[in-house]
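Got a model open and wondering where the labels come from? Let's go through them one by one.

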Amino acid sequence: DGEVHINELKNGNTEMFWNPTSEVRRQRLKRHIVLFEEQTDFESERLWQHVTSAINKGDQHKATQEKFVLEEEQRNAARERRENGTDWTPLLFRHDAATDEWRYKYEDLRPWDPLNDIAQFEKNGILQTMERHLSTRMSNHKTTCINNQITRRKRSAKDCRRRKTSDQPSNHSQNTESSCSTPESVQELSDDDGEYLGFESLCAQCGKEMNHLKEIHSAVLSLQRAQQDIHR
């Protein structure tokens, strides 16, 4: 946030290395964080809040004290777990016995597939990849769902007409207006046609995947805006 200079010790010259002008500040990436009151006790911002406060005030002695108190609490908690025989199970990391290292559970080391992979993002600590075939799979499932509803409606209308015909006298005109009707033809439906034609809402899987895709789409838009900021 401040100016950075390069000082030449040999000749005493000073050169501007970095100057965060107002234009630079406007182009910086937005910081997205969870609201403090919504964070759990072990979120970094909440856990280290007293240390951070002391550093921001320039009180190094207070920061050191708060750091010691925090780390001592963690040591005591680990000691109590050992005495009680309680294992600590990390939510997002696993221990690799071969390398004696902790590794992220959801790491994705496969090569990026530009033909199928759209974007990669993190949600609730879990790394996820938006893939093209997810949209295709949902579209196919939704089409099947709508087609099944069309078939049921046609069958229902056909049964209704059959009952109506059987109720009429043999010499009665068959052109009597019926309370049951069905379109003569059903064209290809768009995303909103199901609602327009009065179909019941799509199945639970369609709704769930639709909401999931909306969340992914929102995340992708955020990534695209960030990339545009970086290019600028």
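Q: In what order do the elements of the chain run from the N terminus on?
A: They go β-β-α-α-α-α-β-β-β-β-α-α-α, which comes to 7 helices and 6 strands. Helices (H or I, at least four residues) and strands (E, at least two) are DSSP runs, numbered from the N terminus. Bear in mind that this is a predicted model: local features need pLDDT of at least 70, side-chain atom pairs count only at pLDDT 80 or more, and totals for chains, interfaces and linings use all residues. Residues are numbered from 1 along each chain as its sequence is written, and side-chain values use heavy atoms, with hydrogens and water left out.

Q: Why is I6 called partly exposed?
A: The relative accessible area of I6 is 35%. Buried means under 20%, exposed over 50%, and partly exposed in between (1.4 Å probe, protein chains only), so I6 counts as partly exposed. I6 sits in strand β1.

Q: What makes the nonpolar surface patch?
A: V4, I6, F17 and W18 do, with about 380 Å² between them. Nonpolar side chains (Val, Leu, Ile, Met, Phe, Trp, Tyr) are joined within 5 Å, like charges within 9 Å. I6, at 35%, passes the area cut-off. β1 (4–7) and β2 (14–18) each supply at least two of the patch residues.

Q: Why is T21 called partly exposed?
A: T21 has a relative accessible area of 31%, so T21 falls into the in-between class. Look for T21 in the loop between β2 and α1 (22–27). T21 and G2 are 19 residues apart in sequence, with 9.2 Å from C-alpha to C-alpha.

Q: How many aromatic pairs does a search of the whole structure find?
A: There are 3.

Q: What makes Y104 and Y106 an edge-to-face pair?
A: Their centres are 5.9 Å apart, with 65 degrees between the planes. Rings of Phe, Tyr and Trp (its six-membered ring) pair if their centres lie within 6.5 Å; planes under 30 degrees apart count as stacked, over 60 as edge-to-face and the rest as tilted. Ring pairs link F93, Y104 and Y106 into a cluster.

Q: How do you know that the charged end of R46 sits over the ring of F36?
A: The charged end is 4.5 Å from the ring centre. The rule asks for NZ of Lys or CZ of Arg within 6 Å of the ring centre and within 35 degrees of the ring normal, and R46 counts as sitting over F36.

Conventions. Patches are made of residues with over 30% relative accessible area and no salt bridge: like charges are joined within 9 Å, nonpolar side chains (Val, Leu, Ile, Met, Phe, Trp, Tyr) within 5 Å. Accessible areas come from the Shrake-Rupley method with a 1.4 Å probe; for residues, only the protein chains shown count as cover. A salt bridge is a side-chain nitrogen of Lys or Arg within 4 Å of a carboxyl oxygen of Asp or Glu.
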